[in-house]
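Subject: Structure for your review

Dear colleague,

Please find the structure below. My notes on it follow.

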Amino acid sequence: MSSKKYRANFLIVWGRIIAHAGQNMWRNASLALVTITILVLSLISVNALLAVRAATTAAVTAVNKQVDLSLFFEPAAPEKTITDIVAYLQAVPNVTSVEYTNPDQALAAFRARHANNDEILKSLDVLGENPLGALVVVHAGSAGDYPAIISLVQAQPWNTLIQQRSFEDKTQIASRVELLTSRARTGSIVLAILFSLIAIMIIFNTVRVAIYTQRDEIAIKKLVGATNGFIRAPFFVEGFVYVVIACAVVIGLLAATARVVDPFLGPLFSDGGFSLHTLFFAAPYELLVAETIIVLLLTWITSAFAMRRYLRT
Amino acid sequence: MIELKNITKTYTNNNLSLQVLKGITFSIEDGEFVAIMGPSGSGKSTLMHIIGALDTPTSGQYLLDGHDVSTLAEDELARIRKTKIGFVFQAFNLLPRATVLRNASLPLMYAGVPKEERDDRAKKALLAAGLLESHFMHLSNQLSGGQMQRVAIARALVNNPSLILADEPTGNLDSKTGNVVLGTFQKLNREGHTIVLITHERDVAEHAQRIIFLRDGVIESDDRSHVQRKQSYDNA
């Protein structure tokens, strides 16, 4: 077959396939509407769960950021020793940052903090010297890293220079949030699987009903030479149209939800760690693209299974 | 043109086997008009499905125009049906929501023929099958039984197939209309078409030149005596 004739033939065949798909959707408009609605509901559920999961993860990160280990050194501790300790701590794995405040800075901060308290300021004047030592604040990657860091510090010879250590113990909050996140994660996976199964079953039955109502026509088309591919193709085109419409509706709904909800999320995540708009609409839109591809593949595989029975001669 | 060699067909269901065809062997030359006759359960429908490339035999060889059809895959069988075989059924098997013209042109659509040529060839086939042009744009379910069968015949003819297979084509028609349809087959046969007619009625089979009688999956008789009578009739 010449390439021109082949192209013409290809266009005729695909023209018919698309026309058949359109005809099927028009004839079974209510069924098409139900399928699209179910797809939309399933996608909304999965996206809602993804949002909850992302929000809880952001919450744990925020809480973790507030946990730190403060080391108050003896006033007599030499500055050189302390800067060496700072360098040592910065090299410890899981330590994300180390803040060093020398005794003068600590005193200035203390004075500033108690600027309205004459008694304290007068007491400092009576002492005549800086009673405060250096302060080193250690930040770790997660709350779970602190016990190991504390043990490490306790094992060091310079541990004796530490007058006092305070561990801002927000680990309980963090572990609670972490537990919540873990449960939300498990729950989201279970629910996502459940919704996907429901969507698959509904698509399977929708295609089966559609193909069942057309079984006589399919038999006739096969008799006059239609290949299985030609019979299947309109259903795949229909599936593609359903998925595109459903995804477009879901994207619209997500955009509207993000616009309404994000201003309320802002104060909760003051460091900008979480927003629905960032989650769903950050370029290159991998989440939405992945969802569309997965739903399309699931729809096609389900349709192929639903059609098998009616394509046997 | 058609050659069946020791064809068997066995259906298996829940470990239960039923052999419907038990070694069928015969051949049909180009331009023959053959009736395959037999009582219900004799295997004639199964044989028709195999001859029509709707099914494959369990064993044996089926050659259509020298090509072995017995081992072909689904899509290859569809290609054979599209290019070499035209079907006419008792229930007409027309698309009810499509026009007469679209029904007749359906095989051409699957063959990738452009619309203009499709319509042109479908109109010619409809006229050859004896349908009036005024009916071409009617929906097929608006026609009488005889007219529907003429549309089915036109659809079977439109691809200019090597073989026209008719399965009880008069089963849903009154005797007068049935005779008109059978007359159409005879006319097509005189024009050179090979026709295989499946029937359980003796008077319908009598319209053919040759009658193959099936019983319990085997050929009981292959009667060519009609050839002489038909030739005399045609000459007259």
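Accessible areas come from the Shrake-Rupley method with a 1.4 Å probe, and for residues only the protein chains shown count as cover. On that basis, chain B has an accessible surface of about 10,200 Å², and carbon and sulfur atoms hold 47% of that surface.

This is a predicted model, in which local features need pLDDT of at least 70 and side-chain atom pairs count only at pLDDT 80 or more, while totals for chains, interfaces and linings use all residues. Residues are numbered from 1 along each chain as its sequence is written, chains are lettered from A and ligands numbered from 1 in the order in which they are written, and side-chain values use heavy atoms, with hydrogens and water left out.

Chain B contains 8 helices and 10 strands (DSSP runs numbered from the N terminus: helices are H or I with at least four residues, strands E with at least two). Its C-alpha atoms occupy a box of roughly 50 × 45 × 30 Å along the principal axes. Of the 236 residues in chain B, 53% are buried (under 20% relative accessible area, 1.4 Å probe, protein chains only). Among contacts in chain B with a separation of 6 or more, 68% join residues 24 or more positions apart (contact: heavy atoms within 4.5 Å).

Yours sincerely

Key:
Buried < 20%, exposed > 50% of the residue type's maximum accessible area, 1.4 Å probe, protein only.
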